[in-house]
Amino acid sequence: MHEFISLFVIVTIALIAPLIAHIIPRHIIPEVVLLVAAGMVAGPHVLGLIEMTDSMHLLSELGLAFLFLLAGYEVDIREIKGARGRTALGAWIATILLAFIAVQIMPFTDIDSVEGIAIAISLSATAIGTLIPILKERGLMKTHVGFAVIAHGTIGEIGPILAMALLLSVRSTIETVAVLILFITVSVVIALVPLQARRFGQRFLHLIHMKAETTAQTTMRLTVVVLVGLVALASIVELDVVLGAFAAGFILRTALPAGREELEAKLDGLAYGFMIPLFFVTSGAGIDPTAVMANPLGLVGVVALLLGVRAIPVYISTVLSPLRKECTTRERMTIALYSTTSLPIIVAVTHVATSAQAMTNQTASILVAAGALSVLLMPLLAAITGAAIEAHPIEFALTHLRSRHRVSRPTQISKSRAKKVRSSQKRNESTKTDSSSTDTKPEQTRRPPKTSNAQKASNAGLSSSKIRKAGRSKDGR
């Protein structure tokens, strides 16, 4: 009974949060921040309306899996292979090195401990799954700013996921590498199945697509099978579920390189309608506000470290990138700020560390709260830089001209159309007259030019003085 009450509170928060985010002027507070904050207030540490039972933890894990499934699905393999991918990889390597150095310098942490490694990995992450809805809302997905953010976000999630598997594993390094190779091999084999099915299994694929819009919902069920199967495989080999979910997104993108609108709409409905909001609310429920308020300098310090070890390397990489001419200085700042947004990886890392009893609840609460604060601050600072306006310079210029001259666009269009109609009518009339004159009077000679009185008189042999006298006599009469 308590589980359904907790679930009702969660879905109610998920309903109210986007409405509040829409009411706030200029949408400066993302929906994710409201979900996390409301979960913290309704969680067991404050009001106690949400009870984190095993069922709630399972649903939260599924929400995390759907979040990374969509994040992996949005990744363009060509962007990772190109110059943006190499730039993002170099930025992340510099980030993880700076993160380890920062943790080593910090007085209350030890880089040799699981807690220190978890903090370093948290500082190097980028929340691509959280950023995609923000980029879509601001119209930046198909711009070079959006492409750069997605590239940095992709590497900023794959890198920490692999680092979690290697550095936070209970096995030896050799065993962990072998398990990772096995998991990647299985994922590649699963990704190659749709390619072979296109050649040899056209009837099977036709049956799947035919049943996709019926109650069978075959494509949706097949996607869920791949997702849950890889998550289960990751759990069996003692890897994090994030790795399995991200691999499932890659596989889905490989199977549908051009995308499928119907499937994407259904995935968005299930993921953003229920699973992903549930994950963010339950993540907020795990934050202990008293622990955060007991150490506010720790919260500010983590946010400052995120800017220092993540934003600065990303900015420098955009300056040194082969594609640096595409971006202005303000757009580079925007890319760096967006790439500093981090929350899901922090939640996953702290969950692994606290499950192993290697991280205190206070440290985990500060890290998750800092991740939620980064989701609020970094997109806000990125919007202030003005890159959202620079992404659409033509529209911005037209808007500026319209506001300056106070002339509406429909009026401009009607005037220009009227001018075009009048000019076309004149051309048609002149063309018709020319054609009619050449057809009806082909032998007609041109009229002689009109001559003035002076010319007529000179032609008659009169002198110029007589012409002037004749003019004066006319005036006298």
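How many residues has α8, and how far does α8 reach from its first C-alpha to its last? Helix α8 has 24 residues and spans 34 Å between those two atoms, close to the 34 Å expected at 1.5 Å a residue.

The model is predicted: local features need pLDDT of at least 70, side-chain atom pairs count only at pLDDT 80 or more, and totals for chains, interfaces and linings use all residues. Residues are numbered from 1 along each chain as its sequence is written, and side-chain values use heavy atoms, with hydrogens and water left out.

View 1. The protein chain holds 23 helices and zero strands. Helices (H or I, at least four residues) and strands (E, at least two) are DSSP runs, numbered from the N terminus. Of the 477 residues of the protein chain, 42% count as buried, where buried means under 20% relative accessible area, exposed over 50% and partly exposed in between (1.4 Å probe, protein chains only). Among contacts (heavy atoms within 4.5 Å) between residues at least 6 apart in sequence, 79% join residues at least 24 apart. In α8, 18 of the 24 residues are buried, so this helix is largely enclosed by the rest of the structure.

**View 2. Helix α1 and its packing partners.** Helix α1 covers residues 2-23, which is 22 residues. From first C-alpha to last, α1 reaches 32 Å, close to the 32 Å expected at 1.5 Å a residue; the expected span of a helix is 1.5 Å times one less than its number of residues. The buried residues of α1 are Ser6, Val9, Ile10, Ile13, Ala14, Ala17 and Ala21. These buried residues pack against α2 (31-42), α3 (54-73) and α13 (261-285).

**View 3. Ile128 in helix α7.** Ile128 is found in helix α7, residues 128-137, and counts as buried at 1% relative accessibility. Leaving aside neighbours within four places in sequence, Ile128 is in contact with Ala71, Val149, Ile150, Gly153, Thr154 and Glu157. Between Ile128 and Gly72 there are 9.0 Å in space, C-alpha to C-alpha, although the two are 56 residues apart in sequence. Helix α7 is mostly covered, with seven of its 10 residues buried; among them are Gly129, Leu131 and Ile134. Gly139 follows α7 and has a positive phi, near 70°.

**View 4. The phenylalanine cluster.** Phe68, Phe246 and Phe250 are linked into a cluster by ring pairs. Rings of Phe, Tyr and Trp (its six-membered ring) pair if their centres lie within 6.5 Å; planes under 30 degrees apart count as stacked, over 60 as edge-to-face and the rest as tilted. By this rule the count comes to three aromatic pairs. One of them, between Phe246 and Phe250, is edge-to-face, at 5.2 Å centre to centre with 75° between the planes. Phe246 and Phe250 are separated by about one helical turn because they are four residues apart in helix α12 (residues 241-255). Phe246 is buried, with a relative accessible area of 3%.

View 5. Thr87 lies in helix α5, residues 83-105, and is buried, with a relative accessible area of 13%. The side chains of Thr87 and Ser321 are joined by a polar contact of 3.2 Å. A polar contact is a pair of N or O atoms within 3.5 Å; within protein, one must be able to donate a hydrogen and the other to accept it, and residues adjacent in sequence count only if both atoms are side-chain atoms. Not counting residues up to four places away in sequence, Thr87 touches His152, Ser317, Thr318, Ser321 and Pro322.

A search of the whole structure finds two cavities of 30 Å³ or more, and the largest cavity has a volume of about 130 Å³. On a 1 Å grid over the protein atoms alone, a cavity is a set of points where a 1.4 Å probe fits but cannot get out, and a pocket is an open set with protein on both sides within 12 Å along at least five of seven lines; lining residues have an atom within 4 Å of a point. Grid points are joined across faces, edges and corners, and a volume is the space filled by probe spheres set on the points. The lining of the largest cavity includes Thr87, His152, Thr318 and Ser321. Helix α8 gives the most to this lining, with three residues.

**View 6. The largest pocket.** About 960 Å³ of space lies in the largest pocket. Of its 40 lining residues, Ala348, Thr350, His351, Val352 and Ser355 lie nearest the centre. The largest share of the lining, eight residues, comes from α17.
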